[in-house]
Amino acid sequence: MIGKILAVFRYELKQSFGIGTTVIWLLIILFPSALQLLINSRLDGAGNVAIEDAGMLVVVLIPGAVCLLNALMSMSSFLHIELEGNTWPYVAVRSQGKVAMMFGKYLVAVTRSIAAGLFALMLMMPLTSHALETDSGLLVDVTAALVVLSSVSYCSLFCMLGVIMHKRPLIMAVIYMVAFEGVISILPAVVNKITIHYYLRSMLVRWMDWRILDLPILSDPNIFSLESNTPLDLFFLAAINVFCLVTAATLLVNKEYRVGEAI
């Protein structure tokens, strides 16, 4: 099984560097730096920016936008592409072909998402470090860790959504992203604990040792897991990832798909 997954990973990684996908990938990477340049030009001479403001912007734009968008584009349509391209029968008839295809594409999506997040961080930090003083090194480490966690988590989430809603994957994934990771994740209620963003921002505040009331947004303590701790947050995040991947693999193996069904 591992050999098959790695074979799919190598093949799909080469295929993922087409001209169109590479251009979109680079534009997503450049977006945070472009926005930071615009902010710097507007704030030129207007005084220092608060450390919490500058740091929160980095985390919102990179783990929360760059990694999420890469995961959305890479994984939400992985099954749709196979069905629409008439390649699904070749995958389905091979021993363990469905699962190997899914995990191979998942690894490619995670790899590209992590790479995009780290490149975006390298480009954005020189434009932001003037406002961070001595916290810049810590923010780089924390953001890099959140890039990995965000990439792994959002790719598994969109993998499951891509299997469940394979007929209109991008549209349904965007709706889910806005509704759950956008609106529900910031509600001061228990329901926000089923979202990935809840655990990512909680670990950010804990690792950076920020006071909630100093944050420019999301200042309600009920939307953070501050009563918890990092190992417990990582456990719940891992549980969400395992649930998404197991659900996706189970549906992929047991459900029958027809070529052209996604069109």
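Asn70 sits in helix 3 (residues 51-75); helices here are DSSP runs of H or I with at least four residues, strands are runs of E with at least two, and both are numbered from the N terminus. The model is a predicted one, where local features need pLDDT of at least 70, side-chain atom pairs count only at pLDDT 80 or more, and totals for chains, interfaces and linings use all residues. Residues are numbered from 1 along each chain as its sequence is written, and side-chain values use heavy atoms, with hydrogens and water left out.

With a relative accessible area of 5%, Asn70 is buried. On this scale, buried is under 20% relative accessible area, exposed is over 50%, and partly exposed is in between (1.4 Å probe, protein chains only). The Asn70 side chain reaches back to the backbone oxygen of Val66, at 2.8 Å. Leaving aside residues up to four places away in sequence, Asn70 touches Trp25, Ile28, Arg112, Ser113 and Ala116, a contact being heavy atoms within 4.5 Å.

Leu37, in helix 2 (residues 19-43), has a relative accessible area of 48%. From Leu37 to Thr128 it is 91 residues in sequence, but 9.1 Å in space, C-alpha to C-alpha. Thr111, in helix 6 (residues 97-128), comes in at 36%. Thr111 and Phe9 are 102 residues apart in sequence and 9.9 Å apart in space, again C-alpha to C-alpha.

Then there is the pairing of helix 7 (residues 136-164) with helix 10 (residues 230-254), whose axes come within 8 Å and cross at roughly 30°. Axes are lines fitted to C-alpha atoms, for helices over the stretch in contact, and angles run from 0 to 180 degrees between N-to-C directions. The two helices are therefore roughly parallel, the label for angles under 35 degrees. Helix 7 contributes residues including Leu149, Val152, Ser153 and Met160, while helix 10 brings in, among others, Leu234, Asn241, Phe243 and Leu251. By class, this contact has 15 nonpolar, four polar and no charged residues; Ala, Val, Leu, Ile, Met, Phe, Trp, Tyr, Cys and Pro count as nonpolar, Asp, Glu, Lys and Arg as charged, and the others, Gly among them, as polar.

As for the chain as a whole, it has ten helices and zero strands. Of its 263 residues, 46% count as buried. Among contacts with a separation of 6 or more, 79% come from residues 24 or more positions apart.

Methods: A polar contact is a pair of N or O atoms within 3.5 Å; within protein, one must be able to donate a hydrogen and the other to accept it, and residues adjacent in sequence count only if both atoms are side-chain atoms. Angles under 35 degrees count as roughly parallel, over 145 as roughly antiparallel, 65 to 115 as roughly perpendicular and the rest as oblique.
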